[in-house]
Amino acid sequence: MPVLIYTETEKGNFKKNAFEVASYGVALAKQLGTSSVAVAFNPTNATVLNEYGLDQIMVVKQDNLQGFNAKAYAATISEAALKIGAAVVVVSSSADSKYASPILAASLKASYAPNVVSLPESTEPFTVKRTAFSNKGFAHTVLLSDVKMIGVANNTYGAHPTEGNAVIENFSPSLDTNIFSTKAISVDKVAGKTTIADADIVVSAGRGLKGPENWGMIEELARVLGAATACSKPVSDLGWRPHGEHVGQTGKPVATNLYIAIGISGAIQHLAGVSASKVKVVINTDPEAPFFKAADYGVVGDAFVVVPQLIEKLKVFKAANA
Amino acid sequence: MKILVCISNVPDTTSKINFTENNTKFDPAGVQFVINPNDEFGLTRAMWFKEKQGASVSVVTVGNASVEPILRKALAIGADEGYRIDALPTDGFFVAQELAALVKEVGFDLIIAGRESIDYNGGMVPGMLAHLLDFNYVTNCIDLKIEGQDITAIREIDGGKETLSTQLPLVIGGQKGLVEESDLRIPNMRGIMMARQKQLHIKAATTTENLTNDKQFSKPELKGTITMVDASDLDTLISLLHNEAKVL
């Protein structure tokens, strides 16, 4: 009754979250006294996962599965789970995973807990801790059915390398053609740019910047830090920044290591989306800004003075710590 | 085209979250309940299809009588009829099954749900519903165009957008982008008056099965106090982030 882990790839390379879910799945398998099996779509080099201690890797090498397709990927993972008699299926919290996982869960009639932050608190009954109420609380959820599914919350468990020598085998699912009835026609994504989901550092700015023409220093700060850029909802609604940068309750969630908020007051909807970030730094002219109550470090000051200085000092810091 | 908009009754974003009965239940005392924000974008988009393409729009929620205000609000916004499935929404699979039963009974072409609700953050109802019905499915949907048999939907992905082509019957998990915030419909006096004439069907649950059980709730540890750094002393900030927080 192994643990099956969906390790995501993009253009043949394992995504950052693949190492986190593999680490979680391997540890879970140990906790349950069973084996760990990864399933991967068209990886260029499956042996990369040997740094994470898996027992087995099922490699799906199919042309019609080159690009992500929620129903097709869910059907494939479902077939793999049934083939090995998986007791638990582990997935990530990426946009693609969250698209496929509910289909997969329904297909296996599996108890599905997304946003899980740690290994099971108990195995009898099988109980996991997951975030709820937009990060304002936790639910301790019992998974009742024979097959269970866990969505690991982004950047919570972490990647923990451990030596492994997995048995690697090809897996060819038998898929109906009608499973491809929803097709991706095009993808609009800047190549090589760190996504908000994968970034270790996110630099975010809000209405305090006064206008889109002032974003140069935000982009420069992000560049120096190797960070992704984000923005608050009003900034996105005003069209100052692309919708994809909007983070918050109705935008993207942020679970990064360092979230730097510049000229953002900290409305509850914004905090709900970014509170999973490990460390929050707030730079704002208003000492009464609510965000100061929710942050770890704060600077009261004019962004137009503080940010350029911070950029210069960080360049020096980076050079000294290269 | 027959559209079913699925809405859920959630605590307003600004609500203080507390638990009661030995931390086994969410405490509704003093909480304002609203239509889940992601669902509102779908409801407004459905109104567009009604006005421009002659679609009919029904709205549904799973809950006891206390959730009727959000159905009345949806009717006031312009939905033609409402359904309340009289049961507590115990988990995502249960809700998906109840919605699937309604869809099979009444018949709908397009189901518009929200990609995720702000209370339990499950994000699973639209996808499970699509599987149970064997309908096409797009979530994180930020654009939806339907021209006869041709549907083009845009999905928000990590770092960009994906354009998909699909057909009815379809389930979508909507979010902001489906319509702009400034275009969200709110009920006007006329809508509220007309809503009184509209049908609100109460349906019994068809099943009792849930696959998960939230047996307890807890709250995050209280944050420590913030460390303030003077704007003239950014070297200290960098040093703290590097040595203390270890994120630089």
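With 26 C-beta neighbours inside 10 Å, Asn140(B) counts as buried (20 or more other C-beta atoms within 10 Å of its own; 12 or fewer make a residue exposed, and values in between partly exposed; C-beta atoms are placed from the backbone). Asn140(B) belongs to strand β9 (residues 136–147) of chain B. Its phi is near 50 degrees, a positive value in a residue other than glycine. The model is predicted: local features need pLDDT of at least 70, side-chain atom pairs count only at pLDDT 80 or more, and totals for chains, interfaces and linings use all residues. Residues are numbered from 1 along each chain as its sequence is written, while chains are lettered from A and ligands numbered from 1 in the order in which they are written.

A positive phi of about 50 degrees also occurs at Asn42(A), again not a glycine. Asn42(A) sits in the loop between β4 (36–41) and β5 (56–60) of chain A. This residue counts as partly exposed because it has 17 C-beta neighbours inside 10 Å. One runs from Glu124(A) to Pro125(A), with omega near -5 degrees. Pro125(A) is in the loop between β8 (122–123) and β9 of chain A. Another runs from Leu168(B) to Pro169(B), with omega near 0 degrees. Pro169(B) is in the loop between β11 (160–166) and β12 (170–174) of chain B. Most residues other than glycine have a negative phi, and most peptide bonds are trans.

Chain A contains seven helices and 18 strands; helices (H or I, at least four residues) and strands (E, at least two) are DSSP runs, numbered from the N terminus. Its radius of gyration is 21 Å, close to the 20 Å that the globule rule gives for 322 residues, so chain A is as compact as a globular protein of that length. The radius is taken over C-alpha atoms, and the rule is 2.2 Å times the number of residues to the power 0.38. The C-alpha trace of chain A spans about 60 × 40 × 40 Å along its principal axes. Of the 322 residues in chain A, 55% are buried. Among contacts in chain A with a separation of 6 or more, 64% join residues 24 or more positions apart; a contact requires C-beta atoms, placed from the backbone, to lie within 7 Å.

Ala29(A) lies in helix α1 (residues 16–32) of chain A. With 24 C-beta neighbours inside 10 Å, Ala29(A) counts as buried. Beyond its neighbours within four places in sequence, Ala29(A) contacts Pro2(A), Val3(A), Thr34(A), Ser35(A) and Ser36(A). Asp55(A) is 26 residues from Ala29(A) in sequence and 9.9 Å from it in space, C-alpha to C-alpha.

An open sheet of six strands crosses between the chains, in the order β15(A)-β14(A)-β16(A)-β17(A)-β18(A)-β15(B), with parallel pairing. β15 (228–231) of chain A and β15 of chain B stand at the edges, each with a single partner strand, so one side of each is left without a neighbour in the sheet. Pairing requires at least two DSSP bridges between two strands. Strand β17 (residues 279–284) of chain A runs parallel to β18(A) and is joined to it by four bridges. There, Val281(A) stands opposite Tyr297(A). β18(A) also pairs in the parallel sense with strand β15 (residues 227–228) of chain B, over two bridges. Thr227(B) is the bridge partner of Tyr297(A) in β15(B).

The contact between the chains takes 72 residues from chain A and 63 residues from chain B. Elements giving two or more residues to the chain A side include α3 (95–108), β13 (183–189), β18 (297–300) and α7 (303–320) of chain A. α3(A) gives the most, with nine residues. By class, this side has 36 nonpolar, 25 polar and eleven charged residues. Ala, Val, Leu, Ile, Met, Phe, Trp, Tyr, Cys and Pro count as nonpolar, Asp, Glu, Lys and Arg as charged, and the others, Gly among them, as polar.

α7(A) has 18 residues and reaches 25 Å from its first C-alpha to its last, close to the 26 Å expected (1.5 Å times one less than its number of residues). Its buried residues are Ala303(A), Val306(A), Val307(A) and Leu310(A). They cover an arc of only 90 degrees around the axis, which puts them on the same side of α7(A); the arc is that of the directions from the helix axis to the C-beta atoms. On the other side, exposed residues include Glu312(A) and Lys315(A). The cover over the buried residues of α7(A) includes α4 (216–225), β16 (258–262), β17 and β18 of chain A together with α6 (234–244) of chain B.

Conventions:
Contact = placed C-beta atoms within 7 Å.
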